[in-house]
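The following questions and answers examine a single protein structure.

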Amino acid sequence: DEPVGAGVRPENLTIAYQTVTSIDRHHPASIASDQLVSEDYAFAGGFDSFLQSYFPIPPEVQLPHGDPTQYPLERMAQVYDAAIRYLPNTKAVIGPVQVYNMANDPVTWYEEMRPQRAKYGRYPTEEEIRFMSYYALLHGAKGLFFCCYRWDGGGQYGPPETEDVSPQANPTQWGRIKAVVTELKAISPILLAPTSNTKVSV
């Protein structure tokens, strides 16, 4: 997770990846990053799939370095387009779909954003979940990662917040997720069909 920020060198990650795959070549490895920086793509020798840590809800939250919004939904296109442009086509780009409440995010660096989180934090709507899912696929993502089903705060993650969108704990949010996934399953033969170069007009 976040190899650039963690100070991991690309060559060291490649060695670790080669070691893991020599033991179990059927176990894919992934990295995640929340930045659009070219350094991320230098790690291509150390993973099979790339997950962009892009969680845009709500857009009203102020970032510590002064950006007017956390991440506008439309900026997701830049994320996927850049990843697909710079990564080898043997690497899969996975699209994250935020389903959790930002107010419950336990990551330490969000501490200075606590007032905004408390004010604006909410669960993504069904429409927003649908948008993030289809937008990722339309921009070339080969899979979706719904984040997050459950976590327990505390420990290394700082504040003791917890998150749980399981059907037992949060049936409303689970219903939103299920509705979108049901749609995607219905069109899965299309999504999984081979890529066609046929030109069409609408």
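Questions on the predicted model

Q: Is Y123 buried, partly exposed or exposed?
A: The relative accessible area of Y123 is 23%. Buried requires a value under 20% and exposed a value over 50%. Y123 therefore counts as partly exposed.

Q: With the side chain of which residue does the side chain of Y123 make a polar contact, and at what distance?
A: Leaving aside neighbours within four places in sequence, the residues in contact with Y123 include V99, Y100, E163, N170, Q173 and R176. The polar contact of the side chain of Y123 is with the side chain of N170, at 3.5 Å.

Q: How far apart in space are Y123 and M102, C-alpha to C-alpha?
A: In sequence, 21 residues separate Y123 and M102. In space, their C-alpha to C-alpha distance is 7.4 Å.

Q: Which backbone oxygen lies 2.8 Å from a polar atom of the side chain of S133?
A: S133 is part of helix α5 (residues 126-138). With a relative accessible area of 0%, S133 is buried. Leaving aside neighbours within four places in sequence, S133 is in contact with V97, L144, F146, V180 and L184. The backbone oxygen at 2.8 Å from a polar atom of its side chain belongs to I129.

Q: Are the rings of F131 and Y135 stacked or edge-to-face?
A: The structure holds four aromatic pairs. For F131 and Y135, the ring centres are 4.6 Å apart and the planes are at 25 degrees, so the pair is stacked.

Q: What separates F131 and Y135 along helix α5?
A: F131 is partly exposed at a relative accessible area of 30%, whereas Y135 is buried at 18%. Because F131 and Y135 are four residues apart in helix α5, the separation is about one helical turn.

Q: Are the rings of Y149 and W174 stacked or edge-to-face?
A: The centres of the rings of Y149 and W174 lie 5.8 Å apart, and their planes are at 70 degrees. Planes over 60 degrees apart count as edge-to-face. The pair of Y149 and W174 is therefore edge-to-face.

Q: How many residues apart in sequence are the parts that the pair of Y149 and W174 ties together?
A: Y149 is partly exposed at 39% relative accessibility, and W174 is partly exposed at 31%. Y149 lies in the loop between β4 (143-147) and β5 (150-152), while W174 lies in helix α6 (residues 171-186), so the pair ties together parts whose separation in sequence is 25 residues.

Q: Which residues are joined by a cis peptide bond?
A: Most peptide bonds are trans. C148 lies in the loop between β4 and β5. A cis peptide bond, with omega of about 0 degrees, joins C147 and C148.

Q: Within what arc do the buried residues of α6 fall, seen down its axis?
A: The buried residues of α6 are Q173, I177, V180 and L184. They line one face of the helix, because seen down the axis of α6 they fall within an arc of 65 degrees.

Q: What covers the buried residues of α6?
A: Turned away from the buried side of α6 is a face with the exposed residues P171, T172, K178, K185 and A186. The cover of the buried residues of α6 includes α5, β4 and α7 (188-191).

Q: Against which strand do the buried residues of α1 pack?
A: In α1, the residues L13, T14 and Y17 are buried. Seen down the axis of α1, its buried residues fall within an arc of 100 degrees, so they line one face of the helix. The face turned away from the buried side carries the exposed residues I15, S22 and I23. The buried residues of α1 pack against β1 (30-33).

Q: What percentage of the residues of the protein chain count as buried?
A: The protein chain has seven helices and six strands. Of its 202 residues, the share that count as buried is 38%.

Conventions: Residues are numbered from 1 along each chain as its sequence is written. This is a predicted model: local features need pLDDT of at least 70, side-chain atom pairs count only at pLDDT 80 or more; totals for chains, interfaces and linings use all residues. Side-chain values use heavy atoms; hydrogens and water are left out. Helices (H or I, at least four residues) and strands (E, at least two) are DSSP runs, numbered from the N terminus. Buried means under 20% relative accessible area, exposed over 50%, partly exposed in between (1.4 Å probe, protein chains only). A polar contact is a pair of N or O atoms within 3.5 Å; within protein, one must be able to donate a hydrogen and the other to accept it, and residues adjacent in sequence count only if both atoms are side-chain atoms. Contact means heavy atoms within 4.5 Å. Rings of Phe, Tyr and Trp (its six-membered ring) pair if their centres lie within 6.5 Å; planes under 30 degrees apart count as stacked, over 60 as edge-to-face and the rest as tilted. The arc is that of the directions from the helix axis to the C-beta atoms.
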